[in-house]
Amino acid sequence: MQETKAETTTKNPKKANLLDHHSIKHILDESVSEIVTGRGYVEDVRLSNVRLLLGTVIIVIALFAQFYKKKFPENRDFLIACIVLYIVFNGLLQLIIITKEKNAILFTYPPAGSFTSTGLVVSSKLPRFSDMYTLIIASADPKSISAHQTVQFTKSVTQWC
């Protein structure tokens, strides 16, 4: 079937530096996200919002430590408290990234009108110096009664269209 000129102009081909491993993975991840959300899954941004909130709290703590009214010898206890809070909140942020997010590129809600009560977690891997892109699709709540088995698909980046 022939595409009309209007159809070809609305499809913007994605371009990546083929010598840059991260650029290739980014383009593939972006394409996967567009396909999944195009299938009726709505992105769940709650975890991203929590990460942004924690990052904002960390920045505010650092700003208070930097611009506190009193100078160094007088504000020693305040600076120590700020440093401790900074370390605690950064540790909490890293804990969330390591335990919850892992390699995930997309979290979704269940599609509207479906009988399943769990969304998807889409993650990917592209090891350094390898052309094998691995896409993993799992249930957002693997312990749920409506959770499906994890699907894993590995293919060379030279074969993705």
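Colleague: Why is Phe-129 called exposed?

Modeller: The relative accessible area decides the class: under 20% is buried, over 50% is exposed, and the range in between is partly exposed, with a 1.4 Å probe and protein chains only. Phe-129 has 75% relative accessibility, so this residue counts as exposed. The model is a predicted one, in which local features need pLDDT of at least 70 and side-chain atom pairs count only at pLDDT 80 or more, while totals for chains, interfaces and linings use all residues. Residues are numbered from 1 along each chain as its sequence is written, and side-chain values use heavy atoms, with hydrogens and water left out.

Colleague: Where is Phe-129 placed?

Modeller: Phe-129 belongs to the loop between strand S2 (120-125) and strand S3 (132-139). Strands (E, at least two residues) and helices (H or I, at least four) are DSSP runs, numbered from the N terminus. Phe-129 is not a glycine, yet its phi is positive, at about 65°.

Colleague: What makes Lys-102 exposed?

Modeller: Lys-102 has a relative accessible area of 60%, and is therefore exposed. Lys-102 lies in the loop between H4 and S1. Its phi is positive, about 50°, although Lys-102 is not a glycine.

Colleague: Why is Phe-107 called buried?

Modeller: The relative accessible area of Phe-107 is 19%, so Phe-107 is buried. This residue is in strand S1 (residues 104-107).

Colleague: Which residues is Phe-107 in contact with, leaving aside its neighbours within four places in sequence?

Modeller: Contact means heavy atoms within 4.5 Å. The partners of Phe-107, beyond those neighbours, include Val-42, Leu-47, Lys-100 and Leu-120.

Colleague: Why is H3 called roughly antiparallel to H4?

Modeller: Helix H3 (residues 46-66) and helix H4 (residues 76-101) pack at an angle of about 165°, and their axes are 9 Å apart. That angle makes H3 roughly antiparallel to H4. Angles under 35 degrees count as roughly parallel, over 145 as roughly antiparallel, 65 to 115 as roughly perpendicular, and the rest as oblique. Axes are lines fitted to C-alpha atoms, for helices over the stretch in contact, and angles run from 0 to 180 degrees between N-to-C directions.

Colleague: How do the residues of the contact of H3 with H4 divide?

Modeller: They comprise 19 nonpolar, one polar and three charged residues. Ala, Val, Leu, Ile, Met, Phe, Trp, Tyr, Cys and Pro count as nonpolar, Asp, Glu, Lys and Arg as charged, and the others, Gly among them, as polar.
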